[in-house]
Amino acid sequence: MPIGQDSFQAICQAINIDSGEIIESIEQTPPAAVTSLEQTSATDGWVDSWVGRVALVGKLQAQLTGTTRLLSLTGLTGVGKTALASHLAQTLVNEGYTCVHLHCDRSKPLTLAELAHALSKKAAPPDLIRLNFYPLIDHLKQHRYLFIIDEIEHSLEIEPDTCLSQFQNRIWPDFFKLS
């Protein structure tokens, strides 16, 4: 959220920085960086007041279009993980990816049937609905998909003896290793 001019001046004064130096550097920001934030904020909920996110998005996008197969965004509730993931998804859609957004529920863990159903709504062939595990994995390897799985921790269970967590449905570790 942008701050008012009075607040900005007060902050600069409190930390003993000349506000003119900061204003000049902001005005010299290349228009392309500012424009990209403004364009995306209207389309996917991207918060254009986040500082330093342009570089982060570029780094994550390069990783996801490179060799990175699994990216985990972790942090406290409300810090913007879903907004960041949604912004990444929008940039990857522009590069030919199909994005599937799934949400785990506390009462019922995510299943492969739900994943296959979500894929069938996007672009997957109808035969994937039959949920044959290895053809699904082969399909995912041959096509560009980005899965956003919100609150995946609801699909985990904690081992009482060790306090380690693992998936409730044992097929997920294989899915993540193979896909």
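Helix H6 (residues 112–122) packs against helix H7 (residues 133–142) at an angle of about 45 degrees, and their axes lie 12 Å apart. Axes here are lines fitted to C-alpha atoms over the stretch in contact, with angles running from 0 to 180 degrees between N-to-C directions. H6 and H7 are therefore oblique to each other, a class left over once angles under 35 degrees (roughly parallel), over 145 (roughly antiparallel) and 65 to 115 (roughly perpendicular) are set aside. Their crossing is left-handed, meaning that the near helix is turned anticlockwise from the far one by less than a right angle.

This is a predicted model, in which local features need pLDDT of at least 70 and side-chain atom pairs count only at pLDDT 80 or more, while totals for chains, interfaces and linings use all residues. Residues are numbered from 1 along each chain as its sequence is written, and side-chain values use heavy atoms, without hydrogens and water.

| Helix | Residues in the contact |
|---|---|
| H6 | Leu112, Leu115, Leu119 |
| H7 | Phe133, Leu136, Leu140 |

They divide into 6 nonpolar, no polar and no charged.

The protein chain as a whole has 8 helices and 4 strands (DSSP runs of at least four residues for helices, H or I, and at least two for strands, E). From the N terminus on, the order is α-α-α-α-α-β-α-α-β-β-β-α. Of the 179 residues in the protein chain, 27% are buried, that is, under 20% relative accessible area with a 1.4 Å probe.

Terms used:
Buried < 20%, exposed > 50% of the residue type's maximum accessible area, 1.4 Å probe, protein only. Contact = heavy atoms within 4.5 Å. Nonpolar A, V, L, I, M, F, W, Y, C, P; charged D, E, K, R; others polar.
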